[in-house]
Amino acid sequence: MRCDEFISRYDLENAVCLDERLVLVKAENTTEVSEKLLSLSPRYSTCVGIDYRPINRSYLVHHVLALDKYGLYLVLEARAHDPDPVVESITNLFPAANWHEREVMDMLGIKFIGHPEPYRLILPDDWPEKVYPLRKDYPYDRKPVELAEILERPTPRNYTVSIRRGSSVSEAEIPLGPYHPALHEPEYYELVIEGERIVEARYRGFFVHRGMEKLAESRLTVNQVAFLAERICGICGYTHATAYCQAVEEAADIEVPARAEYIRGILLEIERLHSHLLWFGVAFHLLGFDTGFMATWRLREKIMDLAELLTGNRKTYGLNLVGGVRRDIDESKAHAVLEALDFIEEKFKKLVRLVMGMHEIIARTKNIGILTREDAKKLGAVGPHARASGLDIDVRRDCPYAAYKYVDVSVPVMDGCDVLSRILVRFEEIIESVRLIRVFLREMPKGGLMAEYDDIPGLRIGIGVTEAPRGEDIHYVVTGRENKIYRWRPRAPSYMNLATVPHMLVGEKLANAPIIIASIDPCFSCTDHVVVIDRSSRKKIPLEKALRET
Amino acid sequence: MEIAQLITYFLIAPVPILLIPVLLLWRKRVLYIGSSLLACISSMIILVLGVFGILVSKPIVYVFPWFNIQMSTHPYWFYFPVILGIDKISSYFLIILGIVSLTSSIYMHGYYASLKRKGEVTRLVLSYPLLILFMYLVIIVQSLFWFLVFWEVMGFTTQLLIASSMKRGGVVSAMKYYLLTKGPAELMIAGGIVSIIISSGDASYATVAHVLKSLVGHNLLATIVAPGLFLAGLMAKIGLIPLHSWVPEAYGESPTMASSLLSGAASKIGVYMLFRLFMYFLPPVFVWGIVLSVFGTATLIYGTLNALRQYDSKRLLAYHSMGQLGYVVLAIGASIYLASYQPCNALLSTVAAAAALYHAFNHSLFKTLLFMSAGAAEYALNERSLDLLGGLGRMMPLTSLVALIASFSISGLPPFNGFVSKWMIYSSTMPCSGLLPVCGFAAMFISSVTSASFMKYYTSVFGRPAFRSPGEVREPLSMVTAMMILACLCVLFGVAPFIPLMMIGHSLRGTWLHQPFPQGLVPVINGVALNPSIIIAAVVFPLSGLIYDVAIRDRTRTVPGWFCGAKKIVARTMPQPRHYFDEYESVFSEIYVIGDTIHSGLIKTGHFVKSILQRKSFVFEAPLFMALLASLLILILLIIGLLQGVLPG
Amino acid sequence: MVASRLAFIKEVVGKPVTEQYPYKAVAVPEGFRGKPVIDPAKCLGCGACANACPPGALSIHDEDGYRVLRLFLGRCIFCGRCQEVCPVGALRLTREFELASTSRDDLVQEVRLVLEKCSMCGKPVATRREIVFVEQMLPADQRWLVHLCPECRALVSAKIIGYVRGCNR
Amino acid sequence: MTLQTTLYMCVAGLINALALLVYAPLLDGIGRKIKARIQRRKGPSVMQTIYDLRKLYGIRAIVDGLAGNYARYAPALSMALAVMAALMIPSFLPSSTYCDLIIAAYLLIAVTVAQTYASLSMSIPYSVIGGCREASIMMASELCFAGAIASIAAAYGTLYVWRASPIIRLESLKPSMIIAAGVLSIVAYVESMNLPFEISEAEPELAGGTMIGYGGRSLALVMHSAMIRKALFISFVLDLLFPWRALGAGLPGIALRIIVFTVLLTGAYVVMSMLNAVYGRYTPGQALRTLKRVGIASIAAVILASIGY
């Protein structure tokens, strides 16, 4: 449904339509409006805080809500004014908004009234108070100091999620991370166990901060940010780049040539194949089944070779620019791709069939790590994780982009809500993306690769959404003047899914913790990228205090 | 004058222990030193008497001539002279008693310091010597009637000792003990004794042994009723299921010396009587073999598997002493079974009997030692829950060393003493047909459970880092000495089994086992009996020492533990001992079900006890129970009299 | 069950795929984006590449009469934007990827180009090559303008205009 | 028993022990190679484990500083026990003729027990949990092991290995013995830390588990003794299963035995590591449940044997 129809149907006052799938609702009273919106059962997507003072001396807070069944995105705008910006929190209405609002609190110092746990989320504990790195008056290359007085300051209790069921007379805490064989990136889970049973799980993340947003807004030009965006994630980088480019293209009304869209589609699916195969390998390894791990990664190697052939690089494709792509796919390459795909599909199907016949693998995944449909919806889970819990959402179908506009995607949905169904969903997706690549290669039209466009108009809002291998990946862009970006806020899918992990861990056996954590295919660096650089060496000490206090 | 004659005059020598309460008149230090000194002396005397009893050839018997109650001359009426004496079997148990009481008397001196409650010392000093003395008397008395009398008093003093720390738990458990071992059990023992006396016509052991042998087979009373009642009573004393429920409370709640004395010596007196009943009085009866083996096996399974669940140090040990006594009873049963069941190798029955005595001794050694170590931990941290103990290995190195030896011994690790006796039990039960292999299998399986549960005990008390530092803890010299003696004995009996086996060989004379204890059990090289545990000791101790010395000792680098880079307060991250084996218990829950049903039944008894307790203190209840007891005793006499009339012969 | 395990072994077993990498060279396909190299013979020093380079691996600055184009591979992300924007194809990405080195200097490439001085004020205008390159794009009568710095050019052209208007005082 | 036989026993035992000290790590290397080939890797050379051990022995002993005193001594003790077991249990040479089932079993268990005491005394939660798992597995597998031993003893009325072996005799075939053979081989597989039963060192959750408190020389000792124990467990089972007396006596017999034994032992390792490669890891609950089923089978074996079948 087009968005003007939408507005007219649900007569939303002071709503404007930014383009055919983006509605902007200016709200005086945020909670009131969002209560009204609840009737449309929106999915909370992300929240962007913008320091708009240079333009009109106020801060903007944009809550982005996804209306999957209308294929629309709805931006709910709230204003806040100097000197102490304050807006209403909507976490009570949308529990998924919890982290996002806390992040805005950390980064721009906008207070959210009525937030259930207004603790520091992203900034390290030794970050000084009242220093807000994403404000425009904070230079991007400045490092905060004053550690001496900070260490005096009682550290806030900043476990991101802490779930507890039942009560235990005697509890023992097992640290899982920051450096643990089960986790391939620095994260911290604290498991309270009784014997082998987990009775409480706490999560602490955001250790891998790289300050990309600030960098993009301050130093880079529009086309350079595309390459920065690709480096958000080592596994699903290309989808980030695509989302970013789409956001800018939408903001500046650039028409991307069809062939470029097809090429983007092919590369996105190749990336999905790579990511899922990699995940299968990791999952098998965590189940102690290393032979399966090796077998899967042998297949993944083939995909890497394909990427190298098509883009000139094994992982970071670096093919996107605003307005199109940089390389074409000729006949011979297409042929090579098709051959490789046949091989991979045949091998992988056989492999998975055999593995699914192994009782210990099934026993360790069936009814393990349950996340109910309700919880998944409440916490805004996305991607295969959500689809395994019976949520039928997929951006490629609900709100199609790139080449998905031209073909229809079949979305596998299971309601096992457990690790096994997450495995099966990903298996289905691999088969599906093999099919998609074939279709794309067959139907790819002739034509140019880059759109012709002159300067990007300033202060235009654009949203680029892609279905990353891990779920909905959304990039929010406000264009700036002289070929720069005023505000860029990427939100990786793991950001939503990580919040669900402690819910799944509680009540399980310790031996199942690694596979449960891995079952959402967590991409920590994806999630953590969005923050100002800090010195990790300092992080431990206050974390200690936090641990001791809780 | 002959030595046997000479010794008879020393039978009364341990009595001066009764002087201990007099010491209450003096200052504390005098009391502490004096009491443990006196107790040591009399324990020494007991020990010496036991050794002599083994050495001298003739049995030492002394009859008090002036103590005879002459009655009328009706055929069923009889007279009971007080007969004191030491024969081989009683001397063996005298040695056990001597060692246990000696060590716990030494231990007592250091332990006084941890008795803080008002009047605790007094009660202890009053009851402790009495218990030792009456245990001694019960062993040396040679007449069933007086056995019953001394037995009663021993039970009473035991109960005083258990309750001596007037803690609620202690008193409750004392009541439970009272109800179980005094109420029904004493009645049964009384009934058993009475029926034996009736059927044999005399109370002195010699006559009884002589007469019963001839009666068994064609006299229902002598074959089934008397041993049955007697056995039932003894079961309560030893703590076999289903009459075990007093054991964990009594051992757990009472002061350390009390529990070490109870599980070390008092329970052995039950074993002693069991042994005497089935090996001396009665000829091998197949049924009793089966009954004893089954009850023994059931007890060792139940006791040990429940011990695995415990997280209170003393209760854990208490359940284990149930289990270990199960081993002993199984061995006795096996011996009877093998002797009376033709297809089996009769030689093995001797081995089984020897194993029973051996394991009884070993259990006294390491269980006393373990209770003492638990007491030391309590002394240091004033804490009994394994969850909160820990880190004593650094503060009490010697205690931790002896505790390790004891844990290895009770787990039956070669070359310690537990291994030898368990090895004998298996090798007598397994290689034959019928019931025994199953029992042997259960025993071997359970010994692994034992070792697992002592991994838990040892490591959580002495192994892990301390949670809260107890400040400056020093292990009192007396405690360490006592434990050291026992530890050395544990090693000695493991490395040189021929010492106890020699004693056992003597003690087994006079039983119905005809062939002496076979040297052929262990391989003989040029006539020298060579026990594997000697070889193992000769290799393992020096070799490990060498490796430690060369590779590890001076060159060890100690590093802080690794917590995934999350530096934590250690205490909070340690898993809790109470949950160590949760998985195992949940998977093998079926085994627990039976025991739990029995237990839940016994809980009711406990509530009954409570209800009594809330009304009055247990002491005032005692006379009442005595009266009840007497009346019931008469009743049984009448019944059995009638029975006699009915029965043939 | 055993059958499934055997089937699995049969499925996965085969000759080893381990590559003895450092001892055996690894082939990379055509169009692989490897180490960029600057052809000093072609480079104009126009700075288009430095402008486009996302990580700022390419930088350009003037020092005593020379224009220095500096490429630091330590920062390079091998995106190949420089190759795309270079007007003369002086920059291209090779297929070489083994760049590990013990000294930082091995990762640096520099091109020094002579700067042309303004024929009036003598300030540096642009590299000589750049000027030559521009000259042949312009009509012959305007080429001389290229040799002036922007200020002088503005001044001169203003003068000319004034002269044509015929109002010179 | 005469003096010569005693001397022979000592010498043979020593030879066995020395041979195993070297051959056990080599077998481990072979196992790694096999697994690698199944995973289509080239894998390390078969000598790799020996190299690793040599390197570790070169490093000074490292131990968790907060652990109890025993933890320092444990590696030496477990090594000594392993060597003792190697002296007792007939492996390459038919060493001690009076090695009986109980002693062998206890020595084999003792190595694990000595190590588990240590891993439970560590201050590191992973090590403690690993120790708990180790102990639980030991209890469960001991159920099966005891069953097998009891049934063998009951079936042949002896505890001596050399009298009992081979437990499966074609002239008098006993069903209980067939069960016992199966149970024994399963126990050997479980006790030698193979997947899916390798849960006490489960890398994903426990990050090395029982070994984590050790480093350098003490780690080498622990690992080495574990390898020797593994090899001994298998040779114990081989002693019981294979009809050694069929090889004849005297020097040719002994030579033949050495060859056959080496082949069988290596073959067992190959098979085990192949199985190892195609299994995932059980959770402790699953492992115990599986062992419980085996245990029930072994109980059946005991009952059958005790009534003469």
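Which domains does the domain assignment give for chain B? The legends below begin with that chain. The model is predicted, and local features are reported at pLDDT of at least 70, side-chain atom pairs count only at pLDDT 80 or more, and totals for chains, interfaces and linings use all residues. Residues are numbered from 1 along each chain as its sequence is written, while chains are lettered from A and ligands numbered from 1 in the order in which they are written.

**View 1. The two domains of chain B and the contact between them.** Domain 1 of chain B covers 1-279 + 616-621 and domain 2 covers 284-515, with bounds taken from an automatic or database domain assignment. Across the boundary, 41 residues of domain 1 are in contact with 46 residues of domain 2, two residues being in contact if their C-beta atoms, placed from the backbone, lie within 7 Å. On the domain 1 side, two or more residues each come from helix H3 (88-111), helix H8 (220-238), helix H9 (246-253) and helix H10 (256-281) of chain B, and H10(B) supplies the largest share, 13 residues. Helices (H or I, at least four residues) and strands (E, at least two) are DSSP runs, numbered from the N terminus. This side of domain 1 is made up of 23 nonpolar, 15 polar and 3 charged residues, where Ala, Val, Leu, Ile, Met, Phe, Trp, Tyr, Cys and Pro count as nonpolar, Asp, Glu, Lys and Arg as charged, and the others, Gly among them, as polar.

**View 2. The contact between chain B and chain D.** Chain B brings 67 residues to this contact and chain D brings 73 residues. Helix H17 (residues 436-463) of chain B gives the most to the chain B side, with 15 residues, and that side as a whole divides into 44 nonpolar, 18 polar and 5 charged residues.

**View 3. Strand pairing between chain B and chain D.** Strand E5 (residues 557-559) of chain B and strand E1 (residues 62-64) of chain D run parallel and are joined by 3 bridges; strands pair if DSSP finds at least two bridges between them. Within this pairing, B:Val559 stands opposite D:Asp64 in E1(D).

**View 4. The two domains of chain A.** In chain A, the assignment gives domain 1 (3-118) and domain 2 (212-528), whose C-alpha centres lie 26 Å apart. Contacts link 18 residues of domain 1 to 21 residues of domain 2. On the domain 1 side, strand E1 (15-19) and strand E3 (43-51) of chain A each give two or more residues, and E3(A) gives the most, with 6 residues. By class, this side has 11 nonpolar, 3 polar and 4 charged residues.
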